Each structure stands twice: as structure tokens, then as C-alpha cells.
Amino acid sequence: PRPPPQPPAVGDVDGNGEVNTEDARLVLGFSAGLDSLTAMQKEAADFDGDGKINSKDALLILRSGKR
């Protein structure tokens, strides 16, 4: 049997192995109610670990990732 998929790293919402502007865009879209995220994406999107996914997480992702 195959092991369950591992969640992406914190901030890597799209799961491509990098924390970048696309990840921040996904978080902003979700926080505005425009996009949906999977459970794993939500885990990665909560960058500050406060249990909420909002624009603060997107800003922190932008500051920490590649542009």
C-alpha cells in the first residue's frame, strides 16, 4: 500500500515545492471567498499558525517566498 500524501510545506499552498506569489494569490482568493482550498492546502495556507487563513498569511508568504 502507498503511504498517504504528505502535506506541503507551510506557505506552499499549490504544492509545487516553492513558496512564491502564486501561493499568496491562492490565499488571498480563499480569504476573499473567490477560491476554494483542499484540507492540505488550508494547512499550508495558515502561515502564522493561528488557525485562520487570511490576508495576513498571504503577506507573510509574500515576504518569505520567491518573487
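Okay, before anything else, one term: a residue is called buried when its relative accessible area is under 20%. Keep that in mind, because Val27 sits at 0% relative accessibility and so counts as buried.

Now, what you're looking at is a predicted model. How confident is the predictor? The protein chain has an average pLDDT of 92, and 97% of the residues score at least 70. Going by elements, helix H1, residues 21–31, has the highest mean pLDDT at 97, while helix H2, residues 39–45, has the lowest at 95.

Val27 is part of helix H1. So which residues does Val27 touch, if we skip neighbours within four places in sequence? We get Val13, Ala45, Ile53, Asn54, Asp57, Ala58 and Ile61. And here's a distance for you: Lys56 is 29 residues away from Val27 along the chain, yet their C-alpha atoms are 9.4 Å apart.

Okay, let's zoom out to the helices. H1 packs against helix H3, residues 55–64, with the axes 8 Å apart and an angle of about 175 degrees. Anything over 145 degrees counts as roughly antiparallel, so that's the label for H1 and H3. Who makes the contact? On the H1 side it's Thr21, Asp23, Ala24, Val27, Leu28 and Ser31, and on the H3 side it's Ser55, Asp57, Ala58, Ile61 and Leu62. Sort those residues by type and you find six nonpolar, three polar and two charged.

So there's our valine again: Val27 is buried, and it's one of the H1 residues in the contact with H3.

Methods:
Residues numbered from 1 in each chain as written. Predicted model: local features only at pLDDT ≥ 70, side-chain atom pairs only at ≥ 80, totals over all residues. Heavy atoms only, no water. pLDDT = per-residue confidence, 0-100. Helix = DSSP H or I, 4+ residues; strand = E, 2+ residues; numbered from the N terminus. Buried < 20%, exposed > 50% of the residue type's maximum accessible area, 1.4 Å probe, protein only. Contact = heavy atoms within 4.5 Å. Axes fitted to C-alpha atoms, helices over the stretch in contact; angles between N-to-C directions. Parallel < 35°, antiparallel > 145°, perpendicular 65-115°, else oblique. Nonpolar A, V, L, I, M, F, W, Y, C, P; charged D, E, K, R; others polar.
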